[in-house]
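Q: I would like to learn how to read a structure, one feature at a time. Where do we begin?

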Amino acid sequence: GHTSRVRSVHFSPNGQMLASGSEDHTVKLWDTRTGQCLRTLEGHQHWVWCVAFSPDNQTLASGCFDQTLRIWDIYTGQCLQVLPAHMVWSVVFSPDGKFLVSSGGDHIIRLWNPGTGEFLGTLEGHTNYVMSSAFSPDGQILATGSTDQTIRLW
């Protein structure tokens, strides 16, 4: 369904949808039972590098080389928020859905309130691109991986 390379995929918490982000500047939502594309989310101006569903199965975050982080309603396809972030290579929601974390090309991890879009602060310490991030199951620890050859626990 995409017209260029797919950079990221993520299953919804209930397993009924799969999101994909592509170099064609779009995000697609797929029905995992039928394989059909449910909707195409448009608005990014460059490669969509990462996608992540919220734990409540209501929204999707997408990060892009256009230095934005977008939050989408997965049922209507409406873009709820455009956050002026950074070149986003990784995005993840905390298990309780209270935090959204983006990381990327500026070596910095940014914390957001996904409900309001409020910028909450940064975590700094990596000396190169931050390519991946993951929360522990209890949400108490954030792990980030970087091209500086380190993993940091926050």
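A: Begin with one residue and its burial. Buried means under 20% relative accessible area, exposed means over 50%, and partly exposed lies in between, with a 1.4 Å probe and protein chains only. Trp 49 has 17% relative accessibility and so counts as buried. The model is predicted: local features need pLDDT of at least 70, side-chain atom pairs count only at pLDDT 80 or more, and totals for chains, interfaces and linings use all residues. Residues are numbered from 1 along each chain as its sequence is written, and side-chain values use heavy atoms, with hydrogens and water left out.

Q: In which strand does Trp 49 lie, and which residues does Trp 49 touch?

A: Helices (H or I, at least four residues) and strands (E, at least two) are DSSP runs, numbered from the N terminus. Trp 49 belongs to strand E5. Contact means heavy atoms within 4.5 Å. Not counting residues up to four places away in sequence, Trp 49 touches Arg 7, Ser 8, Gly 63, Cys 64, Phe 65, Val 88, Trp 89 and Met 131. Distance can also be read between C-alpha atoms: those of Trp 49 and His 10, 39 residues apart along the chain, are separated by 12 Å.

Q: How many helices and strands does the chain have?

A: The chain has zero helices and 15 strands. Its radius of gyration is 14 Å, close to the 15 Å that the globule rule gives for 154 residues, so the chain is as compact as a globular protein of that length. The radius is taken over C-alpha atoms, and the rule is 2.2 Å times the number of residues to the power 0.38. Along the principal axes, the C-alpha atoms fill a box of roughly 40 × 30 × 25 Å.

Q: How do I read a nonpolar core?

A: In soluble globular proteins, nonpolar side chains tend to be buried together. A nonpolar core is a set of buried Ala, Val, Leu, Ile, Met, Phe, Trp, Tyr and Cys residues joined through side-chain atoms within 4.5 Å. The largest one here has twelve residues, including Cys 50, Ala 52, Ile 71, Val 91 and Trp 112. Strands E5 (48–53), E7 (68–73) and E9 (88–93) each give two or more residues to this core. The largest share, three residues, comes from E9. A second, separate core has eleven residues, among them Val 51, Phe 53, Leu 60 and Ile 74.

Q: What does Cys 50 touch?

A: Leaving out residues up to four places away in sequence, Cys 50 touches Ser 8, Ala 61, Ser 62, Gly 63, Val 88, Trp 89, Ser 90 and Val 91.

Q: Is Val 92 buried or exposed, and where does Val 92 lie?

A: Val 92 is in strand E9. Its relative accessible area is 15%, so Val 92 is buried. Residues that Val 92 touches, beyond four places away in sequence, include Ala 52, Phe 99, Leu 100 and Leu 142.

Q: Is Leu 41 buried or exposed?

A: Leu 41 counts as buried because its relative accessibility is 1%. Leu 41 sits in strand E4 (residues 37–42). Beyond four places away in sequence, Leu 41 touches Thr 26, Val 27, Leu 29, Leu 60, Trp 72 and Gly 77.

Q: How do I read a phi angle, with Asn 57 and Gln 67 as cases?

A: Asn 57, which is not a glycine, has a positive phi near 65 degrees. Asn 57 is found in the loop between E5 and strand E6 (59–64), and counts as buried at 9% relative accessibility. Gln 67 is not a glycine either, and has a positive phi of about 70 degrees. Gln 67 lies in the loop between E6 and E7, and is partly exposed, with a relative accessible area of 45%.
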